[in-house]
Amino acid sequence: MAGRTVIVTGASSGLGQAVGRELERRGAHVIAAVRTPARAAGFDARVLDLNDLDSVRAFAAGVGEPVDVLVNNAGIGNRPRELSAQGFESTFATNFLGHFALTGLLLDRMRDDGRARIVHVGPAAPGGRS
C-alpha cells in the first residue's frame, strides 16, 4: 500500500478507524472522511457529512490527488426519523445516497492503473450476518 491514497469514510471510530490504521501501517496515505476531524487524530482528516449532499460535493471538490481506494464505511442506524438537508430520510441519505454521490464525484479522481478499488461496507441485517 506504500504510496497509495485511500479515502475511508467513518474513520473516526469502529471498523473505519481500524481499517484506516491498518492501511496506514502498510504505508498508505489515509484520508479520513469524517464529520468531526478532531476525532480522527493521526489521519489526514477532512470534513464529510454524508447526510448533506452539499458537504459531499465540497469534500469531493477538495480531493485533488489521485485516489487508489475508496472505502465507503460510514453509517448510522437506530435513530429517530429525521430528514437530511435535502429532505431525504437521514439514515437512507447517510448510508446510501451520500456514498453513491461521493463515489460518482470521485470516479474521475480514481487512479487509472487498473488497481483502483471501491469497497462498500454494508450494514448487517437484523438477526443476520453482514
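Author: A residue is called buried under 20% relative accessible area, exposed over 50%, and partly exposed in between (1.4 Å probe, protein chains only). By that criterion, strand β2 (residues 29–34) is mostly covered, with five of its six residues buried. The model is predicted, so local features need pLDDT of at least 70 and side-chain atom pairs pLDDT 80 or more, while totals for chains, interfaces and linings use all residues. Residues are numbered from 1 along each chain as its sequence is written, and side-chain values use heavy atoms, without hydrogens or water.

Strands (E, at least two residues) and helices (H or I, at least four) are DSSP runs numbered from the N terminus. The sheet is open, has five strands in the order β3-β2-β1-β4-β5, and shows parallel pairing; strands pair if DSSP finds at least two bridges between them. Strands β3 (44–47) and β5 (117–120) stand at the edges with a single partner strand each, so one side of each has no neighbour in the sheet. On average, neighbouring strands are turned by 15° against each other, direction ignored.

Two of the pairings can be followed in detail. Strands β1 and β2 run parallel and are joined by five bridges; within this pairing, Val6 has Val30 of β2 as its bridge partner. Strand β4 (residues 69–72) and β5 also run parallel, joined by four bridges, and Val71 has Val119 of β5 as its bridge partner.

Thr5 lies in β1, which spans residues 5–9, and counts as buried because its relative accessibility is 8%. Setting aside residues up to four places away in sequence, Thr5 touches His29 and Ile31, and also Glu65, Pro66, Val67, Asp68 and Val69. Val8, also in strand β1, is buried, with a relative accessible area of 0%. Beyond its neighbours within four places in sequence, Val8 is in contact with Gly16, Val19, Gly20 and Leu23, with Val30, Ile31, Ala32 and Ala33, and with Val71. Val8 and Gly104 are 96 residues apart in sequence, and their C-alpha atoms are 15 Å apart in space.

Ser90 is found in α3 and is buried, at a relative accessible area of 3%. Its contacts, not counting residues up to four places away in sequence, are Asn51, Ile76, Glu82, Leu83 and Ser84. With the same exclusion of residues up to four places away, Asn95 touches Ala74, Gly75, Ile76 and His120. The C-alpha atoms of Asn95 and Asn73 are separated by 8.6 Å, although the two residues are 22 residues apart along the chain.

The loop between β4 and α3 contains Asn78. This residue is exposed, with a relative accessible area of 87%. The phi of Asn78 is near 50°, a positive value in a residue other than glycine. Most residues other than glycine have a negative phi.

Helix α3 also meets a further helix. From α2 come Leu53, Val56, Arg57, Phe59 and Ala60, which meet Leu97, Gly98, Ala101, Leu102, Leu105 and Leu106 of α3. By class, this contact has nine nonpolar, one polar and one charged residues; Ala, Val, Leu, Ile, Met, Phe, Trp, Tyr, Cys and Pro count as nonpolar, Asp, Glu, Lys and Arg as charged, and the others, Gly among them, as polar.

Note on methods:
Contact = heavy atoms within 4.5 Å. Axes fitted to C-alpha atoms, helices over the stretch in contact; angles between N-to-C directions.
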